[in-house]
Every structure is written in C-alpha cells, then in structure tokens.
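Here is a short briefing to read alongside the model. Have the sequence and the 3D view open, and work through the topics in any order you like.

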Amino acid sequence: SNSRRLEILQLGNPRLRDTAQAIASSSDPALQALIDQLLVTMHASNGVGIAAPQVGQPICLVIVASRPNPRYPDAPEMEPVPMLNPRLLSHSDETVKGWEGCLSVPGIRGLVPRYREIEVEYGDRHGNLRRQVFTDFVARIVQHEVDHLNGLVFVDRVE
Ligand SMILES: O=C(O)C[C@@H](Cc1ccccc1)C(=O)SCC(=O)c1ccccc1
Ligand SMILES: [Zn+2]
C-alpha cells in the first residue's frame, strides 16, 4: 500500500492537542532519523521500550520492543514497533500488577498495575494507520510508553 502522510502531533497542553501543530510527518526524513535514534538509545540502555520525550523530543512517538527478560521470561520476542500518535481505544477491566523500570528513573523498580488487555490505534513509521490488541507484558510496555507522552512515569502509578 502507498504510504500515507501522517501528521505527528506535538506534545503540550492536552486541551490544545486538537489544534496542536503537526511538527513532523511520516514522510519527513527528520522523523525517520529520530525513530532510528530512539532505537539506538533504547538498545544501548537494554530497554524494552522508549518514548520521544525521554530524549527531549516533545512529539507523540514511542517504540515498543518486548523481549524475554529475567522478570518476564515468557515475554514475546518482537520486532521493535514505532508508534506515531498512539491512542488507547479500549481496555480490559482486569488489571495486573507487574514490575517496571524506567530509563528516566534509573535504579528504581516498582510494582505497577496495568490493564491486562488494550486496543491501540497508531500510525506505523510509514504513516499507515494500524489498530491492534495487545495483552500482558506488551500491553504493559505500551501503557508505560503512552504514559510518558502524558508526562507520567511508573512511580506515579505505584500503589
Ligand atoms: O523507560 C522506558 O520507557 C523503558 C522501560 C520500558 C518498560 C520496562 C518494564 C515495563 C514496562 C516498560 C524499560 O525498558 S526499563 C529497563 C528494562 O529493560 C526492563 C525493566 C523491567 C522489566 C523488563 C525490562
Ligand atoms: Zn519509562
């Protein structure tokens, strides 16, 4: 399918979000370079996800990259997924508590409740709109990264 031009929203006052200036589009070489930079930063930190604001870029862009790890040995190994303008469409009532860490809060781990299942709409790195259901550890990572876009870190949710 031919790539669509997806306008990437700038972070800021959520109320102004609708009028937010799109500061990048999926066909923008600078956006593709930022996605590659985030992948490098995430891998350098052994992360399973990363959000653009963590590297000082206030735009609606995250990467989700689950892999098996000591705390989640049965986590799926997945190709890193860049998500432009991710939006939670629905979620399970059921929540699960699980261990989280954060590249922006080094050295701290916390037990965080997250929805066990979520449905997310997002643009892929080529600007194609995707709608996908995530569960368990991958759903946890998506919720953790989307929190970063809303200025939240996991310690804000530790009960
Ligand atoms: O700050 C980030 O977004 C990266 C963060 C993502 C994340 C970890 C755990 C649960 C949800 C989201 C990390 O990757 S922290 C370091 C890490 O590799 C890790 C920590 C706990 C469990 C699994 C991995
Ligand atoms: Zn984090």
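Predicted model: local features only at pLDDT ≥ 70, side-chain atom pairs only at ≥ 80, totals over all residues.

Helices (H or I, at least four residues) and strands (E, at least two) are DSSP runs, numbered from the N terminus. Residues are numbered from 1 along each chain as its sequence is written, chains are lettered from A and ligands numbered from 1 in the order in which they are written, and side-chain values use heavy atoms, with hydrogens and water left out.

**Overall fold**

- The chain has two helices and nine strands, arranged along the sequence as β-β-α-β-β-β-β-β-β-β-α.
- Of its 159 residues, 43% are buried (buried means under 20% relative accessible area, exposed over 50%, partly exposed in between; 1.4 Å probe, protein chains only).

**Strand pairing**

- Strands pair if DSSP finds at least two bridges between them; β8 (residues 117-123) and β9 (residues 129-135) do this in the antiparallel sense over seven bridges.
- Glycine 123 faces leucine 129 of β9, and the hairpin has five residues between the strands, with glycine 127 at a positive phi near 90°.
- β5 also pairs with β8, antiparallel over five bridges, and here arginine 87 stands opposite glutamate 121.
- β4 and β5 run antiparallel and are joined by four bridges, with valine 64 opposite valine 81.

**Zinc site**

- The zinc ion (ligand 2) has Cys102 (SG), His144 (NE2) and His148 (NE2) as its protein donors, at 2.0 to 2.3 Å (donors are N, O and S atoms within 2.8 Å of the metal, or 3.2 Å for Na, K and Ca; water is not among the atoms, so sites may look incomplete).
- The arrangement is tetrahedral because the four donor atoms subtend angles of 96 to 123° (four donors count as tetrahedral if all angles lie between 85 and 135 degrees).
- Along the chain the donors follow the spacing C-x41-H-x3-H.
- Histidine 144 and histidine 148 are four residues apart in helix α2, so about one helical turn separates them; both histidine 144 and histidine 148 are buried.

**Ligand 1**

- Around ligand 1 there are 19 residues, and the closest are Asn46, Val48, Gln54, Leu103 and Glu145 (a residue counts if one of its heavy atoms lies within 4 Å).
- Polar contacts are pairs of N or O atoms within 3.5 Å; within protein, one must be able to donate a hydrogen and the other to accept it, and residues adjacent in sequence count only if both atoms are side-chain atoms.
- Oxygen atoms of ligand 1 lie 2.7 Å from a polar side-chain atom of glutamate 145, 3.0 Å from an N or O atom in the side chain of glutamine 54 and 3.3 Å from one in the side chain of histidine 144.

**Positive phi values**

- Most residues other than glycine have a negative phi, and most peptide bonds are trans.
- Asparagine 46 has a positive phi of about 55° although it is not a glycine, and asparagine 46 is exposed, with a relative accessible area of 59%.
- Aspartate 136, in helix α2, has a positive phi near 55° and is partly exposed, with a relative accessible area of 42%.

How values were computed: Tetrahedral: all angles 85-135°; square planar, octahedral: opposite > 155°, others 65-115°.
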